[in-house]
Amino acid sequence: MPPAAAGERLDRFLAGLEEVGSRAAAERLLAEGRVLVNGSGRPKSFRLEGGEEVEVDVPERREATLEPEDLDLRIAYEDEHLLVVDKPAGVVVHPSAGHGSGTLVHGLLAHAIAGGGKAERPGIVHRLDRGTSGLLVVARSDEAHRRLQRLLRKRAIDREYLALVRGRPQSQIGRIEAAVGRDRSDPTRISLDTATPREAVTNFEVVELLPKHALLRVRLETGRTHQIRVHLAAIDLPVAGDPVYGVPGDLELERQFLHSARLAFDHPFTEERVEAESPLPADLERAYQAARAPLSA
């Protein structure tokens with residue numbers, strides 16, 4: 001243990017180790033009792049003094065048994081290290097209970113995605129809800145995954161969304177700082193009323209005011225589950241079409257009007273600026289034009 005680690009939390013120290021690579025992986029190892037400090041287990045918040053002996057038992061990685069599937073995907077950017085994909089609405093990002101096939105990961109296996117330590121989600125750095133469309137960055141190696149994760153933790157990946165909301169914003173720009181987590185009474189929902197709050201920050205600006213709606217450009221500083229949808233609903237600007245937190249069926253939408261329209265970051269290997277944009281999909285464009293129509297007299 002280097003003396004420079006003195007005062008650092010154990011989980012943060014572990015996340016910086018190449019063989020661990022992320023805070024989530026560090027927490028899993030700690031929860032499974034695979035980390036000893038001077039021969040004893042310690043909680044993730046344990047503060048190191050420097051000079052301790054830290055033993056880490058990293059399990060051998062399981063090889064993925066996923067099979068590539070032919071999905072019609074637009075690749076907005078790619079090189080040997082990473083790619084930016086335009087996810088269609090209705091597609092789940094990675095396999096999970098009830099979604100053993102047809103995921104974005106299945107469609108990207110032919111593009112040599114890799115990294116991250118979880119066999120069922122190779123290369124996945126961040127996610128979008130099933131009903132949200134737009135841009136995601138995906139890694140092609142363990143090192144690319146680690147570097148992209150670092151960019152995310154430093155909030156150095158610009159993620160901009162377009163959201164159509166019901167109502168009229170009280171200001172041209174806004175910032176929402178409100179911790180979110182699993183709802184106290186309904187664990188299927190994310191809420192501000194939670195026993196497990198996690199910091200969440202959402203910025204927005206008005207692109208266009210419409211008769212009953214407003215088109216917003218939303219920028220994330222954090223990326224919590226359902227963050228944009230929950231935050232906008234909390235300030236009485238529910239997302240059009242959102243079946244859980246917003247206005248179901250609004251403008252005949254079958255999903256929430258939320259689209260990851262722009263992704264920008266400094267390339268983690270070359271430091272060149274990567275910028276990708278995605279136009280509104282056809283269903284959202286139709287709803288947007290309907291929302292722009294003047295009200296009947």
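**Entry 1**

I started with Leu263, which stands opposite Ala276 in E13. Strands here are DSSP runs (E, at least two residues) and helices are DSSP runs too (H or I, at least four residues), numbered from the N terminus. E12 and E13 run antiparallel and are joined by five bridges; two strands count as paired if DSSP finds at least two bridges between them.

A note to myself before going on: this is a predicted model, in which local features need pLDDT of at least 70 and side-chain atom pairs count only at pLDDT 80 or more, while totals for chains, interfaces and linings use all residues. Residues are numbered from 1 along each chain as its sequence is written, and side-chain values use heavy atoms, with hydrogens and water left out.

Which residues of E13 form its covered face? I found Val274 and Ala276 there, with Arg273, Glu275 and Glu277 on the uncovered face of this strand (residues 273-277). The hairpin has six residues between the strands, and Glu271 takes a positive phi near 65 degrees in it.

**Entry 1: strand E6 and its two partners**

Next I looked up E6. Seven of the nine residues in this strand (residues 158-166) are buried, so it is largely enclosed by the rest of the structure. Buried means under 20% relative accessible area, exposed means over 50%, and partly exposed lies in between (1.4 Å probe, protein chains only).

Which strands does E6 pair with? One partner is E12 (residues 258-266), antiparallel to E6 and joined to it by six bridges. Another is E11 (residues 213-220), also antiparallel, with seven bridges to E6. For orientation on screen I picked Tyr161, which stands opposite Ser260 in E12, and Leu164, which stands opposite Leu215 in E11.

**Entry 2: helix H5**

Is H5 enclosed or open? Six of its eight residues are buried, so H5 is largely enclosed by the rest of the structure. The buried ones are Gln227, Ile228, Arg229, Val230, His231 and Leu232. I was pleased to meet E6 again here: the buried residues of H5 pack against E6, E7 (173-177), E9 (190-191), E10 (201-209), E11 and E12. Contact means heavy atoms within 4.5 Å.

I then walked along the loop between H5 (227-234) and E12, where Asp236 is placed. Asp236 has a positive phi of about 60 degrees although it is not a glycine. At 63% relative accessibility, Asp236 counts as exposed. Leu251 lies in that loop between H5 and E12 as well, and its phi is positive too, near 55 degrees, again in a residue other than glycine. Leu251 is partly exposed, with a relative accessible area of 23%.

Ile176 sits in E7 and is buried, with a relative accessible area of 9%. What does Ile176 touch, leaving aside neighbours within four places in sequence? I listed Ala200, Val201, Thr202, Phe204, His231, Leu232 and Ile235. His231 and Leu232 are among the buried residues of H5.

Val85 is found in E4 (residues 82-87), and it is buried at a relative accessible area of 0%. Not counting residues up to four places away in sequence, Val85 touches Leu73, Arg74, Ile75, Leu104, Leu108, Gly134, Leu135, Leu136 and Val138. Val85 and Val138 are 53 residues apart along the chain, with their C-alpha atoms separated by 7.5 Å.

**Entry 3: the whole protein**

To finish, I zoomed out. The protein has six helices and 13 strands. Its radius of gyration is 21 Å, close to the 19 Å that the globule rule gives for 297 residues, so it is as compact as a globular protein of that length. That radius is taken over C-alpha atoms, and the rule is 2.2 Å times the number of residues to the power 0.38. The C-alpha trace spans about 75 × 40 × 40 Å along its principal axes. Buried residues make up 46% of the 297. Among contacts between residues at least 6 apart in sequence, 62% join residues at least 24 apart.
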